Structure formats: structure tokens, C-alpha cells
Number of protein chains: 2
Amino acid sequence: MNRKELIAQIQAKKTFLCVGLDTDFIKLPYHLQKQPDAVFEFNKAIIDATLNHCVSYKINTAFYESMGLKGWEAMERTLDYIPKSHFTIADAKRGDIGNTSSHYAKTFFEIFPFDAITVAPYMGEDSIRPFLEYENKWTIVLGLTSNKGASDFQRLSIGNSQERLYTQVIDTVSAWGTPDNLMFVVGATQARDLRSIRDIIPDNFLLVPGIGTQGGCLEEVCKYGANEDGGILVNVSRAILYAKSDENFKAAAAEVATKYSNEMASFFKEEMA
Amino acid sequence: MNRKELIAQIQAKKTFLCVGLDTDFIKLPYHLQKQPDAVFEFNKAIIDATLNHCVSYKINTAFYESMGLKGWEAMERTLDYIPKSHFTIADAKRGDIGNTSSHYAKTFFEIFPFDAITVAPYMGEDSIRPFLEYENKWTIVLGLTSNKGASDFQRLSIGNSQERLYTQVIDTVSAWGTPDNLMFVVGATQARDLRSIRDIIPDNFLLVPGIGTQGGCLEEVCKYGANEDGGILVNVSRAILYAKSDENFKAAAAEVATKYSNEMASFFKEEMA
């Protein structure tokens with residue numbers, strides 16, 4: 001999916017919502033756990049329930065890898081089930097020397113035809129280039145993440161300047177791609193930093209995790225992160241997936257997704273009218 | 001495999017050699033490509049050929065993932081074929097928020113029972129902790145990598161000090177584990193930096209890629225990287241795997257592995273006698 005199509009989806013639906021399919025077998029409703037392809041059946045129900053309230057689905061590969069071969073099959077079936085109207089993200093956080101990153105790019109752009117993959121920046125330009133070479137595919141580089149450990153290295157001061165590692169990463173990496181193929185992960189728990197990040201990259205999309213269970217504030221994220229195009233994808237995983245743990249999980253997921261989406265729609269009304 | 005056992009293997013064989021199974025289908029000898037499980041058959045031959053000349057095998061997960069489900073099957077069979085006497089590394093460079101990293105740890109320590117996994121440090125402590133919680137398993141954190149892009153961020157100066165990002169990463173992360181469960185990746189192409197890294201972490205094992213095709217100097221790596229226990233695992237991938245691309249690939253791989261191993265043995269004679 002290209003930038004124009006993504007923006008059109010966001011504007012038409014008036015939502016930035018991305019539903020994170022961090023599907024954990026042991027958290028599935030008990031009646032589903034007994035089914036042979038429980039993870040896919042759960043994802044299918046969640047997708048059906050949330051489809052009209054979101055523009056994107058993010059599959060967290062760790063949850064599928066930890067199930068072995070069966071997990072990769074469930075991921076394949078899930079990706080195949082997501083309608084082409086929705087932007088698909090492999091949240092895989094890969095990154096290696098160029099020769100190896102090419103294989104990861106092939107995995108998540110060809111073998112599993114996602115629109116986008118998340119990538120770690122530590123190994124520098126040649127670890128990211130192979131992903132950027134694909135047309136109409138997106139590379140989403142970690143900038144400032146939503147976890148506690150983000151402070152360990154991402155916030156270190158660089159040289160004698162006011163610059164932090166994460167601002168340096170965003171600034172440097174943004175020159176390797178364009179707003180048409182490059183996004184950044186910026187955690188919602190750091191919403192006050194979104195404003196300064198927007199000064200560095202006014203046009204790139206931001207993938208924002210940390211809303212919901214992790215406690216980020218949606219209003220702040222919209223206020224400081226969104227731009228004229230929309231410019232953000234706000235991910236919610238656990239708060240939607242596990243809204244209820246019984247037979248009513250599907251209706252509960254729809255309800256939570258609707259709630260988030262309505263909040264976002266009201267932002268469109270106020271700020272982007 | 002625990003530290004004592006790893007050291008005993010190194011001392012008995014007088015080698016630090018780790019053979020990197022970065023097995024790329026399109027580089028396999030033509031006669032093998034026609035076999036139904038070509039990648040495993042190739043790996044099996046390479047393992048048979050190099051077994052007596054190395055102490056470790058490193059499986060680069062990207063090369064297997066890019067083959068889809070068949071690749072994961074080949075990885076599983078390969079790991080199963082490696083004798084228990086050899087230290088096994090999943091070169092997966094994973095890392096995510098704690099909740100997600102737990103799933104990666106499960107994948108590479110339980111589903112696929114490797115001894116060790118490589119992990120990226122950008123997301124900080126909670127992204128690394130879940131790996132360290134496994135007994136007799138090893139976490140190998142990226143310090144200074146062997147690729148050109150290592151200069152983009154890893155060598156940035158931190159604050160007003162002489163400290164670089166990679167020395168800060170090594171220093172900080174080393175306190176989260178012990179030399180019994182924590183190693184660092186330090187590229188051989190940066191052998192002159194090994195000495196200063198040894199000042200920070202005299203006891204941790206270093207996994208050293210970059211020898212062979214990438215041009216690192218083995219003599220310098222042994223001189224500056226090794227310690228009394230051995231203390232290094234020197235990875236060679238392409239120079240061994242693709243020493244010859246015809247029916248004689250197995251003998252050629254054995255020859256190259258022997259050459260590296262003999263060089264290492266002479267270091268044992270001179271420096272560690």
C-alpha cells in the first residue's frame with residue numbers, strides 16, 4: 001500500500017487505529033483453545049470485529065515464532081485473511097549486516113507479503129537499506145520506544161549537544177529514505193517528546209505503540225503526533241484482544257476498538273476539519 | 001552448555017572456531033539444489049566436515065526464515081543434527097519490550113533448544129532480561145558489529161566523555177548478567193578496539209564475526225580478544241561454506257576450517273602455553 005492510499009483510508013474512516021495481533025495462546029478464551037487452529041480462529045474473529053474501526057493490523061512475530069512451525073502457519077493464514085484495504089505491519093524488529101537484512105526483507109515483503117516491517121537501527125545504514133529497496137513497501141525504524149528500557153540508551157546525550165541518541169537516530173535515518181517508504185516507532189508513553197520529533201520529521205508517519213495497557217494518552221498523541229495527512233498509526237493490542245476472556249470476547253473487542261476510534265474521530269472533527 | 005563445559009571444549013581442541021551456517025539456497029552446489037531438503041543436506045555435510053575443527057555452530061535465522069516454513073524445518077533438523085558437544089547459537093538479533101522478548105526467549109531456548117541467542121540492545125534492560133532468566137542459556141548482546149554501518153550509531157560519542165555508544169552499551173549491559181550467561185558481539189574488523197573492550201569486560205566471552213570474507217585479521221583477534229579461558233568464539237561463515245561450489249565443497253570446507261583452526265592452535269602454543 002502506498003502513502004496516498006494509506007492517507008485516503010485514514011481520512012475516509014477518520015481513525016488512526018492499528019490493531020496489534022499479539023496473540024498469546026494462553027490468553028485465548030478457553031472454548032477457543034480447544035480448536036486445532038485456535039490462534040487463527042481468534043485472529044479471524046478479532047479482524048471481523050475491528051475491521052470497520054481501524055486502518056491497519058500489526059502482527060507481532062514473537063508470539064507466532066514461539067509456537068514453532070504452527071505459529072508461522074497461523075501468521076500466514078492471518079495475513080492472508082486481512083483485507084487489502086488495511087495496512088499490514090510485521091512487528092519483527094529485525095536488523096543485521098546488509099547481506100543478512102536482504103533475507104529478512106525477502107521474508108517479510110515476499111514470503112509473507114506485509115506492507116511494512118519494524119527494524120532496529122543499532123547496526124546502521126547497511127542494515128536498513130535492503131528493506132528500503134522494495135517499491136511500495138515500508139520500513140519502520142525504532143526511534144523512541146514505549147518501554148522502561150528506552151531510557152537506558154535511547155535517551156543518552158550525544159557529544160556536547162542537546163541531541164539524544166533517539167533524535168540522532170531519527171535525524172540520520174530519515175535521510176536514508178523518504179516519507180513514502182520510511183516511518184518511525186515513537187512510544188505513546190513519551191507523548192511530550194512527539195512535538196520535538198515532529199520538528200525533525202514533519203512528514204514521516206509515526207507508528208505509536210503504548211496506548212491502552214501500557215498507559216499512553218491518546219489525546220496527547222493525536223495533538224502532538226498527527227499532521228495534515230494524519231501521519232500516525234496508533235497501535236492498541238492487549239486492551240482490544242483481551243477485553244473479555246470468555247465467549248463475548250469478539251463483541252468486547254469491537255466495543256473497545258470503537259471507543260478508541262471514536263476518540264480519534266473527535267480529534268479529526270476538532271483539529272483537522 | 002555452561003561456561004565450564006565451553007572452556008573445556010576450547011582447551012581440549014585448541015580452537016575458538018565457530019562455523020556460521022548462513023546457508024543460502026542459491027549458493028548451494030548445483031547437485032544439491034535438486035534434493036528435496038537441500039539446505040539440511042548441505043548443513044549436514046558441512047557439520048560432518050568441520051566437527052573436529054570447531055567448538056560451535058551459529059545458525060543465522062534470516063537465511064532460514066526467508067525460505068518460509070521449509071526453512072524453519074531445515075533449521076530444526078540442522079540444530080538437531082549438531083552434536084551436544086558443540087555450542088549452538090541462534091544468530092537472530094531479536095529484542096522487544098519485555099513481554100514480547102519472553103516469547104523470543106521461549107522460541108530460541110525452548111522450541112528450538114539453542115545454547116545462545118544474539119540480541120540487539122537498543123530497547124534496553126527489559127528487552128534483554130527475559131533471555132537472561134534461563135539457566136545454562138546465553139545471551140549474546142550486540143556491542144560493536146563488523147559492518148560498515150557500525151560507525152553510524154555505535155561509535156557516537158556519549159555526553160562529554162571519551163565514551164562511545166558501544167562502550168557504554170557493553171559497560172551497562174555487563175551489569176545485567178554475568179560472564180556465565182552473557183557474551184558480546186564484537187566485530188573482527190575492529191580488532192584494534194578489542195583491547196579497550198577487554199578493559200571493560202575482562203571475563204565475558206566475545207562472539208567475533210568478520211573473519212574470512214569480511215576481512216578481519218585472526219591474529220589480532222586472538223592477540224587482543226582472547227583471555228585465560230579462551231574467551232572468544234571466532235565465527236567464519238561464507239569462507240567455509242562456499243569454499244568450493246561443486247561436488248568437492250565438503251572437502252574444501254574441511255580444509256578451510258582446518259586452516260583457521262591450525263592458526264588458532266598455534267596461538268594457543270605461543271600465548272597460552
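Start by selecting helix α9 of chain B: α9(B) lies across β5 and β6 (182-186) of chain B, and its direction makes an angle of about 155° with β5(B). Keep in mind as you click around that this is a predicted model.

**Stop 1: the chain B barrel**

Now hide the helices of chain B and look at the strands. Here 8 strands close into a barrel, in the order β1-β2-β3-β4-β5-β6-β7-β8, with parallel pairing. Neighbouring strands of this sheet are turned by 30° against each other on average, if you ignore direction. As a reminder, strands of a sheet pair through backbone hydrogen bonds, either parallel or antiparallel.

Zoom in on β4 (residues 116-119) and β5 (residues 138-144) of chain B, a parallel pair held over 4 bridges. To see one of the pairings, pick B:Ile117, whose bridge partner in β5(B) is B:Thr139. Stay on B:Thr139 and turn to the next strand: B:Thr139 stands opposite B:Leu182 in β6(B). Between β5(B) and β6(B) the pairing is parallel again, over 5 bridges.

**Stop 2: strand β6 of chain B**

Colour β6(B) on its own. How many of the residues of β6(B) are buried? The count is 5 of the 5, so the strand is largely enclosed by the rest of the structure. Both of its faces are covered: B:Leu182, B:Phe184 and B:Val186 are buried on one side, and B:Met183 and B:Val185 are buried on the other.

Next, follow β6(B) over to β7 (residues 206-208) of chain B; these two run parallel and are joined by 2 bridges. Select B:Phe184 and you'll find its bridge partner in β7(B), B:Leu206. To get from β6(B) to β7(B), the chain passes through helix α10 (residues 191-200) of chain B, and this β-α-β crossover is right-handed.

**Stop 3: over to chain A**

Chain A has a barrel to look at too: 8 strands close up in the order β1-β2-β3-β4-β5-β6-β7-β8, and the pairing is parallel. The twist averages 30° from one strand to the next. Pick out β3(A) and β4 (residues 116-119) of chain A, which pair in the parallel sense over 3 bridges. Within that pair, A:Ala90 has A:Ile117 as its bridge partner in β4(A).

Then bring the helices back and find α9 (residues 165-174) of chain A. It lies across β5 (138-144) and β6 (182-186) of chain A, at about 155° to β5(A).

While you're on this helix, select A:Ile200, which sits in helix α10 (residues 191-200) of chain A. Is A:Ile200 buried or partly exposed? It counts as partly exposed, because it has 14 C-beta neighbours inside 10 Å. Leaving out neighbours within four places in sequence, A:Ile200 is in contact with A:Thr167, A:Ile170, A:Asp171 and A:Ser174.

**Stop 4**

Select A:Lys93, found in strand β3 (residues 87-94) of chain A. Its phi is positive, about 45°, although it is not a glycine. A:Lys93 counts as buried because 29 other C-beta atoms lie within 10 Å, where 20 or more is the cut-off.

Now jump to B:Lys93 in strand β3 of chain B. B:Lys93 also has a positive phi of about 45° without being a glycine. With 29 other C-beta atoms within 10 Å, B:Lys93 is buried.

**Stop 5: the nonpolar core**

In soluble globular proteins, nonpolar side chains tend to be buried together. In this model, the largest nonpolar core has 180 residues. Which residues have the most contacts inside it? They are A:Leu17, A:Ile140, A:Val234, B:Leu17, B:Ile140 and B:Val234.

**Stop 6: where the chains meet**

Finally, show both chains together. Here 49 residues of chain B are in contact with 48 residues of chain A. On the chain B side, the elements giving two or more residues are α4 (61-65), α5 (69-81), β3 (87-94), α6 (98-111), α7 (125-132), α8 (150-153) and α9 (165-174). Highlight α6(B), which gives the most, with 7 residues. Colour this side of chain B by residue type and you get 18 nonpolar, 21 polar and 10 charged.

Conventions
Residues numbered from 1 in each chain as written. Chains lettered and ligands numbered in written order. Predicted model: local features only at pLDDT ≥ 70, side-chain atom pairs only at ≥ 80, totals over all residues. Contact = placed C-beta atoms within 7 Å. Nonpolar A, V, L, I, M, F, W, Y, C, P; charged D, E, K, R; others polar. Buried ≥ 20, exposed ≤ 12 C-beta atoms within 10 Å, placed from the backbone. Core = buried A, V, L, I, M, F, W, Y, C linked by C-beta atoms within 7 Å. Pairing = 2+ DSSP bridges. Axes fitted to C-alpha atoms, helices over the stretch in contact; angles between N-to-C directions. Right-handed = clockwise from strand over helix to strand, strands pointing away.
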